[in-house]
Amino acid sequence: MEKFRFLTSGESHGKCLTAIIEGIPAGLDIDIDFINNELKRRQQGYGRGDRMKIESDTVEIVSGVRFGKTLGSPVTLVIRNRDFENWQKIMSASPDDKTDDKSFSIYRPGHADYAGSIKYNQKDLRNILERSSARKTAIEVAVGAVAKLLLKVLGITGTSEVTQIGTACCPDKFHQEIDLVKEKGDSVGGKFVVVYKNIPVGLGSYVHWDRGIDGRLAQAVMSIPAVKTVEIGDNPLGLCGSQYHDEFEIKDGEVCRKSNHAGGIEGGITNGQDLVISAVMKPIPTMISPLNSVDSQTGENAQAHYERSDVCAVESCAVVAEARVAWILANEILLKYGADSVEELKNRI
Ligand SMILES: Cc1cc2nc3c(=O)[nH]c(=O)nc-3n(C[C@H](O)[C@H](O)[C@H](O)COP(=O)(O)O)c2cc1C
C-alpha cells in the first residue's frame, strides 16, 4: 500500500535525474536549501572520488509547488548531471550519434555487469553501468528530503552516524583506515546507524507479512547499492532474553521502557521508542588495483574495467539510508493519518 509514491529515472552520465512524487499533502513548506543541503551531505565524506568534485548537485522543482508550498499535485524534482556536457554524444538518445567511446566489455566483479548484461541482452556493459550505478541515489536523497520536510512538521527528525570503517571502530581512526586502503589501490566498507526520534506509536502492522514496518524498512535500506546487512535495534545474537528485551516501568504516571534494544519496533509496529537501524556497506567494488575478470567479447581472462571511483562511501550511504527511512515513515504516516492538507494531517495526529 503506497500513499507516498514516486518513480525516479536517469542514467549516471545522462542529462538529468528525475523524480515524480505523488501523495504529499497540500500546504507543505518546501525549503529548497534544505533539499540541496541533503544533496551536499550525500556528496561529502572522506574517501569519495573525483566525480564529487565535478558534480555539485542542486535540485530544480518543476511541478507541484507554488510560492514555496506544495499544491497536493505531483511534485517533480530534477537534478542535472553537470558531467553530461562531456557525455552528450556518448549518452545521446539519437541512433545517429552511436559511438563505441566509453563502451566496455570486461565485467567488474561486485557490480551488476555480468548478470545485467545477460538479463537485458546487452553487449556494451556501459548500458548496465549507467542505471545500476549509485548515482541514482542523488535523486533518492532529494525525494527523502521532501519526506523529511513532511516528518519535520510532525516533530519527527532523523540523523545518521558511521560506526565502523573497515576494522576501525572509533572515528579517530576512520581517515587513517581509508588512507591505508587507498595507498594499496584497494577499497573499504563499514557500518552506520540511522536514528529517527519522536515516532508515533502504531506505524506498521502485524496483520500480514508485508505490513510489518520492520520488513518495509529492511527492504528500503537493504536495496541501497552495496548494503549487505540490515539490523533493527541491537543484534540479539548470543543474548539471553533477560539481556535483550526492553522492560516496562511506570514513571510520572507514564508507561516507559528501561532500554531500547528492539530499536523502536515490536511485532512489526512502531512502539514510540527511537527507531534505530544499522547497516553494513560492502567495500566499493571498483578498485585501482583491479580484480581478475573476463572480457565478454574476447572470452579471455582480463583485468576488471576501472572507472573513476570512490575508495569509501559509507558516510554517503548513511545519508541515503536516512532518506530511504524517511520515505517509509512518510508513507506509513500518510497511511495511518491520511490527509489532503498539512493542516488536516496535524489535526489528525
Ligand atoms: C553512495 C554510494 C556510492 C558508491 N560509489 C561507488 C563507486 O564509486 N564505485 C563503485 O564501484 N561502487 C560504488 N558504490 C557501490 C555500487 O553501486 C554497488 O556495489 C553496485 O551497484 C552493486 O550493487 P550491490 O553491491 O548492492 O550488489 C556506491 C554505493 C553507494 C551507496
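Trainee: How many residues of the shell around the ligand are nonpolar, polar and charged?

Mentor: This is a predicted model, in which local features need pLDDT of at least 70 and side-chain atom pairs count only at pLDDT 80 or more, while totals for chains, interfaces and linings use all residues. Residues are numbered from 1 along each chain as its sequence is written. Ala, Val, Leu, Ile, Met, Phe, Trp, Tyr, Cys and Pro count as nonpolar, Asp, Glu, Lys and Arg as charged, and the others, Gly among them, as polar. The shell therefore divides into ten nonpolar, nine polar and two charged residues.

Trainee: Which helix gives the most to the shell around the ligand?

Mentor: The ligand is surrounded by 21 residues (C-beta atom, placed from the backbone, within 6 Å). Helices are DSSP runs of H or I with at least four residues, and strands are runs of E with at least two, numbered from the N terminus. With three residues, the most comes from helix 9.

Trainee: Which term describes helix 1 and helix 5 relative to each other?

Mentor: Their axes, lines fitted to C-alpha atoms over the stretch in contact, cross at roughly 135° on a scale from 0 to 180 degrees between N-to-C directions. Under 35 degrees counts as roughly parallel, over 145 as roughly antiparallel, 65 to 115 as roughly perpendicular and the rest as oblique. Helix 1 and helix 5 are therefore oblique.

Trainee: Which are the edge strands of the open sheet?

Mentor: The four strands have the order 7-8-14-9, with antiparallel pairing (at least two DSSP bridges between two strands). The edge strands, each pairing on one side only, are strand 7 and strand 9.
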